[in-house]
Amino acid sequence: GIEPPAKNQIHLNSESPATSRSTVPNSNHPELLEPSHCQNPFQHERTSHSLNAASSQGKTAKSSCLQISSQIQSSIGKQTLSDSHSLVSSRTTGSKSIPLTAADALNVVSPNGHGDTTFATPLSYTELNFIKSLGILSDIQLSSLKGDASVLALKYVDFLDRINLVITLQEAAEAVASWRVKANQTMDEGTRNVVRSPRTTRLDLRYSFVGSERLRVMDNVFHMCKTTQDENNGGLPMRTVISYDGFNHVLYEFLIRIRDSDCGPHAGKGAFLTFKGAKVLKESSRNKCKKFRKTPPNPQTRKSLKALYPRDRGVSVTLHGDDLHGDEIHFGPKTDDSVGFWNEFSLIEDFQDSNDNITFSSKFPGCGLVELDRYAPLLPEDRKTDIVFSVKDFIFSFEPSSWRFDVSEELNGCHQVVDFTDDTTGAPHIVAKSNVAMYVNEVGHNIDLVENVCSLEKPRSVYYYASIGTPMKKGETVELLVNYKEGYESMRVRRGYGKANLLGVKSDNDDYSRVQRNLAERISFEDSIKSYREDEVGSVIDFLENRVWDGIVSATSCLSLESAKNKCDVIRQIIARRRLDWTSRILGSHYSVVGRGGSHKEARHDEADSTFKVGMVVYVNNWMEAEDPRPPYSGVATVNNVFRDKFDRICLGVSLPGGKSICCVPEGVISEPTEDDFVEAPRRMHSNWLKWKREESHPQKRESRQLVLEKMRWDSSHFRNLLSCNQSSSDMHSRIMDSLRWEVSEELLYLLVKDNRLHHPLNDRHWCPISMRLLTRSLHVVADNIIPTHERKESSYEDVLSACAEKLLVILREATEAVRNILALDKEEAKENFLRYLAFHEKSVSECGTEQSSRYYLKAESEVTPHVSVEDCSKGQTTLDENFYLIHQVLFVTHALASLIDWNNFNNRGEGIYSFEKACQIAAIDLDLARRLQTEKSRSWKPLIFLPL
């Protein structure tokens, strides 16, 4: 570093006891003090030594330095210094000031060669070394720091440059300006509240990226980093992280523990990082330091090597030799306590705990991002294509989306996703729960939460890194929080802390909001399935069979449900079993379509008689036509055509590699090739052969995969047995039934929306509360018949239909009576309260995304002002459109749902079980008027579902 100041620069601070720092109030705010009571730490005049140092930096550096000095001086104060040539001054004991000699400065040195002094002021290791190199040996001396800010900043830049660390002049000036303030705060700690400067709560891009490169990642001493179970914390994971600053040879120790998050009451567990302190290199071990040597240009063993291997067989590479690169002699023995790039240090022998208050920040020179732990994948099956993951995500009610990350590397030619959720529950698997990365929460849009974790991708893996902005003192703890950006917004809204939730949108805890979101996802999901190719559908079916189905069946068995520990997982698995039924039908239908489209076109008569087809890759065994002067050919070829010669023999015309061909080859000399036959063949011909082989096996695979999909159909009898085993748990029974009712309701709404029978269901902008309540009750009635919870009392299918229709008509009659009763009210106050059951909710949102207004309106009978407020209507200023509410909001809702069911049966009295006419009769609605308002398409709706018996 910089040499200690000359003797004439180390002097006695001539403050009297009356004006010493310990007796001056508010002394860490020099702008509030008189010049005689405080010495400005930065002076406007330079010493000759300072001028020489500044001159060596060039005119540009001088100009920048003067600007920075001016800014800092203006922020601290413009007091006049008593000594214009001092950098540092005193060492104080009580009220006395003791002179500091040059011998004192040289004998009292830091752990980096500057003695056994101790600073309580929180500083980085490089700051401590630099300050001590200037002869500053105590917190009191640092609190009365004096000197030109620009010169000190230049010296600090030069000091760091000598150990290969780079810092900008502006950053150096900011650091210098903070030292005295920190020292004053440390000395005043406990006497008054320290005013802290405002902090930013999101990662600063200046420190996340350096030019086009990311902030450097510190080297973890991986064999010292370990994750263990915290027996005192319920067996939750606890991780120790040791990071190494190779420039300054400092070890930073961190501890990550799991406890309840501070983000909010419903945030669950969180990960908390504690800085345990720093270990510095002993002075006696500095002779072991090694510099990075420059490797010779283009050393043979340093070149990038490309593995060449035949086809897709794979290759194994083994390197032999004791001195492959010529630098192995520089490495020390790799032991459990070895430290350093060359393993040149020993933790026990070469490092000691620092006595100074060394702090840690990723912005400090020599420091950077701290690798916390791998996020995913943790198991081989955590890697999936986006196609497979989307199916898994839908089946498990979008829970896996909470834990997914995309990676740039493709998997099987498709976009790759990594997640650590179990393929049979959708929740994090046991390996993920034993790693701390899973417990890192997200900041969302809460500006008070500090983002201090970023995710970086290594090959096919995602890791979490801590980016600490505000310096951490030893023993200080912060909660680790990551920001998933805009790609996670839909999940935030589902959980209730998204931007839309601030405008009144409800989370998935609200049934209507959840169903509307799931309905949109279901429609999008089906569209994506219809875009899958045959091989992609096959991969999804194979995944469901091999990774999902057996686990769900086992988990939802009678015995498993009784002994289940996590009730949420069991409910999600029961819903997954229902969604597998719906998904298998969509997949099976699409698989049949792409299967027919991918099959070979109808063969001609001659081709049908032959074993070999046009386009097929075959092997020709030592054949050439008699009149052809070429020697007999043995090798692979592609069939161009199949025909019969004049002797009625089946012959083939084939094309050979290199553009040549043979016009007539008897079928008897042709055979199917093997893998070894393609060693010298063109790669494209080999690919065509593999493609042909796959297509040849498709018919057999299609049949077996369709059987797999058939196996995944919903079994009502199994579900009845499942619930009968859990009658003792009434709460669990009701939760399962409620979840299944809503799940089947989504399926019914999907059919209504897809066939344009009902638009925007359960949306309060289009439907009044009475209408939405009517639809909900009716959906649940039909759902209870699709998933019967007990053995039916009805003895026939006709009785089942009659019971279902009767319940729907009762709900219809109750809804129409409710509308008529509300419209007949007279009292103004009572009428206003009840009119809200007929109101529609309209929101107006500004362009910036903040809600401007929210109002409830009613449908009036007048065509001039069709919309009227609830308040105006309650005062009797307008008349509501009764027919609109009775027909559009009630009758048509019931009829749309009832039209899905096949009512093609009659009861014993010969009357229709359900019909539009019967619904009008029950609701006391004019049939002719309802017919006129009914659309032409609705009169020809066909049934889409059959109620199971």
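Select Glu283 and Arg286. Their side chains form a salt bridge, with the closest N and O atoms 3.5 Å apart. This is a predicted model, so every stop on the tour is a feature of a prediction. Colour Glu283 by accessibility: at 46% relative accessibility, Glu283 counts as partly exposed. Across the structure, the count comes to 52 salt bridges.

**Stop 1: a bridge across the sequence**

Now select Glu381 and Arg547. These two side chains also meet in a salt bridge, 3.8 Å from N to O. Which parts of the chain does the pair tie together? Glu381 sits in the loop between β13 (370–376) and β14 (383–385), while Arg547 belongs to helix α15 (residues 534–555). The pair therefore ties together parts that are 166 residues apart in sequence.

Check the surroundings of both ends. Glu381 is partly exposed, at a relative accessible area of 31%. Arg547 is partly exposed too, with 36%.

**Stop 2: a cis peptide bond**

Stay in the loop between β13 and β14, because Pro377 has its place there. Select Ala376 and Pro377. The peptide bond from Ala376 to Pro377 is cis, with omega near -5°. Why stop for this? Most peptide bonds are trans.

**Stop 3**

Select Glu743 and Arg579. Here is another salt bridge, and its closest N and O atoms are 3.0 Å apart. Glu743 lies in helix α21 (residues 730–754) and Arg579 in helix α17 (residues 567–598), so this pair ties together parts 164 residues apart in sequence.

Are these two residues buried or exposed? Glu743 is buried, with a relative accessible area of 3%. Arg579 counts as buried as well, at 2%. The cut-off for buried is under 20% relative accessible area, so both values qualify.

**Stop 4: two helices crossing**

Select helix α4 (residues 125–133) and helix α6 (residues 149–161). For α4 and α6, the angle is about 115° and the axes are 11 Å apart. The crossing of α4 past α6 is right-handed.

Bring the side chains back at the contact:

- From α4, show Thr126, Glu127, Asn129 and Phe130.
- From α6, show Leu152, Lys155, Tyr156, Phe159 and Leu160.

Colour them by class. The contact of α4 with α6 has five nonpolar, two polar and two charged residues.

**Stop 5**

Most residues other than glycine have a negative phi. The next two selections go the other way.

Select Asn756, found in the loop between α21 and α22 (769–786). Its phi is near 55°, a positive value in a residue other than glycine. Asn756 is partly exposed, with a relative accessible area of 41%.

Which residues does Asn756 touch, leaving out those up to four places away in sequence? Select Lys937 and Trp941 to see them. The C-alpha atoms of Asn756 and Ala896 are separated by 9.6 Å, although the two residues are 140 residues apart along the chain.

Move on to Ala924. Its place is in the loop between α27 (916–923) and α28 (927–933). Ala924 is not a glycine, yet its phi is positive, at about 60°. At 56% relative accessibility, Ala924 counts as exposed.

**Last stop: the whole chain**

Zoom out and select everything. The chain comes to 28 helices and 29 strands. How much of the chain is buried? Of its 949 residues, 48% count as buried.

Finally, think about contacts along the sequence. Among contacts between residues at least 6 apart in sequence, 68% join residues at least 24 apart. The bridge between Glu381 and Arg547, seen at the first stop, joins parts 166 residues apart in sequence.

Definitions and conventions. Residues are numbered from 1 along each chain as its sequence is written. This is a predicted model: local features need pLDDT of at least 70, side-chain atom pairs count only at pLDDT 80 or more; totals for chains, interfaces and linings use all residues. Side-chain values use heavy atoms; hydrogens and water are left out. A salt bridge is a side-chain nitrogen of Lys or Arg within 4 Å of a carboxyl oxygen of Asp or Glu. Buried means under 20% relative accessible area, exposed over 50%, partly exposed in between (1.4 Å probe, protein chains only). Helices (H or I, at least four residues) and strands (E, at least two) are DSSP runs, numbered from the N terminus. Axes are lines fitted to C-alpha atoms, for helices over the stretch in contact, and angles run from 0 to 180 degrees between N-to-C directions. A crossing is left-handed if the near helix is turned anticlockwise from the far one by less than a right angle, and right-handed if clockwise. Contact means heavy atoms within 4.5 Å. Ala, Val, Leu, Ile, Met, Phe, Trp, Tyr, Cys and Pro count as nonpolar, Asp, Glu, Lys and Arg as charged, and the others, Gly among them, as polar.
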